[in-house]
Amino acid sequence: MKQAIDYIRERIGQAAARSGRLPSTVTLIGVSKTHPAELVREAYAAGIRQFGENRVQEAESKISACSDLADIEWHLIGHLQRNKAKKAAQLFAVIHSVDSLELAQALSRHAVELNRTPIRILLQCNVSGEASKEGIAAVGWEENAPLRTEIIALAQTVAALPGLTLVGLMTVAPYSDDQETVRGVFHSLRSLRDVLQAALPHEQLTELSMGMSGDIDVAIAEGATMVRVGRALFGERSYPAV
Ligand SMILES: *Cc1c(COP(=O)(O)O)cnc(C)c1O
């Protein structure tokens, strides 16, 4: 695993350097879904501090089994149902998959009740138009002024909620061998972030969560600040994580 981590860090470093960025501007999130807590410990020992899970229930026992690991941070990267918002607010430092105002409001309420440090959240956006992808419908926002206005209004409302800090946007690229398709999706997310940042000058929308095992290089070239890497670090998953 140490070798896999070194290799991914190398890839991140090279991709960052090609874009004139420091490697430290890209956070590596180890996606531990389907893997046991022992693997998290091993990755932690090898220097990983950020871990991504896509299901609240699966994460709960893992997070508690790793509660002795100082300065570890857990990221929720999978779809979150509103009825699990309270659990999610208890467990995660960062939630990448906020895809509706109702979900953001529920998280806000629970974060306030729990009196916790604000949950860092990202708005998950579907900029590829793939029906299978979760996220706020944002495909074609560049040409669609009413849609753009709607997304800006949503971001403004979410940013004003107590208990949460809106830090940026997240997307999942389509499965495609065509790098240019993938690049276009990442580029669109970055541009949308820039538009939102201009509309919300008092927020710091610094994070772009994009890029997985197959596409971290192009994601970093397009400005990713958080890459979510599972298979390339931890090997194939033995069962599908849905
Ligand atoms: C599983 C998952 C990842 C990691 O994917 P790999 O291909 O294993 O790197 C990243 N992001 C999300 C949202 C995921 O569900």
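**View 1. The loop that holds asparagine 115.** Asparagine 115 sits in the loop between α5 (101–114) and β5 (119–126); helices (H or I, at least four residues) and strands (E, at least two) are DSSP runs, numbered from the N terminus. Its phi is near 55°, a positive value in a residue other than glycine. With a relative accessible area of 69%, asparagine 115 is exposed; here buried means under 20% relative accessible area, exposed over 50%, and partly exposed in between (1.4 Å probe, protein chains only). Please keep in mind that this is a predicted model, in which local features need pLDDT of at least 70 and side-chain atom pairs count only at pLDDT 80 or more, while totals for chains, interfaces and linings use all residues. Residues are numbered from 1 along each chain as its sequence is written, and side-chain values use heavy atoms, with hydrogens and water left out.

**View 2. Threonine 34, in the loop between β1 and α2.** The loop in this view runs between β1 (27–31) and α2 (37–45) and includes threonine 34. Phi of threonine 34 is near 75°, again a positive value in a residue other than glycine. Threonine 34 counts as buried, at 10% relative accessibility, whereas asparagine 115 is exposed.

**View 3. Valine 227 and the largest nonpolar core.** A nonpolar core is a set of buried Ala, Val, Leu, Ile, Met, Phe, Trp, Tyr and Cys residues joined through side-chain atoms within 4.5 Å. The largest one here has 75 residues, and those with the most contacts inside it are Phe51, Phe92, Ile95, Leu107 and Val227. Helix α6 (residues 145–159) gives the most to this core, with seven residues. A second, separate core of seven residues includes Ile29, Ala93, Met170 and Met226. Which residues does valine 227 touch, leaving aside its neighbours within four places in sequence? Valine 227 is in contact (heavy atoms within 4.5 Å) with Ile12, Val26, Thr27, Leu28, Ile29, Met210, Gly211, Ile216 and Ile220.

**View 4. Glutamine 50 and its partner histidine 75.** Glutamine 50 belongs to strand β2 (residues 50–53) and counts as buried at 16% relative accessibility. The side chains of glutamine 50 and histidine 75 are joined by a polar contact of 2.7 Å. Such a contact is a pair of N or O atoms within 3.5 Å; within protein, one must be able to donate a hydrogen and the other to accept it, and residues adjacent in sequence count only if both atoms are side-chain atoms. Beyond neighbours within four places in sequence, glutamine 50 is also in contact with Thr27, Leu28, Ile29, Gly30 and Glu73.

**View 5. The salt bridge between lysine 87 and glutamate 60.** The structure holds 12 salt bridges, each defined as a side-chain nitrogen of Lys or Arg within 4 Å of a carboxyl oxygen of Asp or Glu. In this one, the closest N and O atoms of lysine 87 and glutamate 60 are 3.0 Å apart. Lysine 87 lies in helix α4 (residues 85–91) and glutamate 60 in helix α3 (residues 56–65), so the bridge ties together parts that are 27 residues apart in sequence. Lysine 87 is partly exposed at 32%, and glutamate 60 is partly exposed at 31%.

View 6. Glutamate 180 and arginine 183 form a salt bridge, with their closest N and O atoms 3.5 Å apart. These two residues are separated by about one helical turn, because they are three residues apart in helix α7 (residues 179–199). Arginine 183 is partly exposed, at 28%. The side chains of arginine 193 and aspartate 194 also meet in a salt bridge (3.0 Å, N to O).

View 7. A ligand oxygen is 2.5 Å from an N or O atom in the side chain of serine 213. A ligand nitrogen is 2.8 Å from an N or O atom in the side chain of arginine 228, and a ligand oxygen is 2.7 Å from one in the side chain of arginine 231. The protein covers 91% of the 390 Å² of accessible area that the ligand has on its own; accessible areas come from the Shrake-Rupley method with a 1.4 Å probe, and for residues, only the protein chains shown count as cover.
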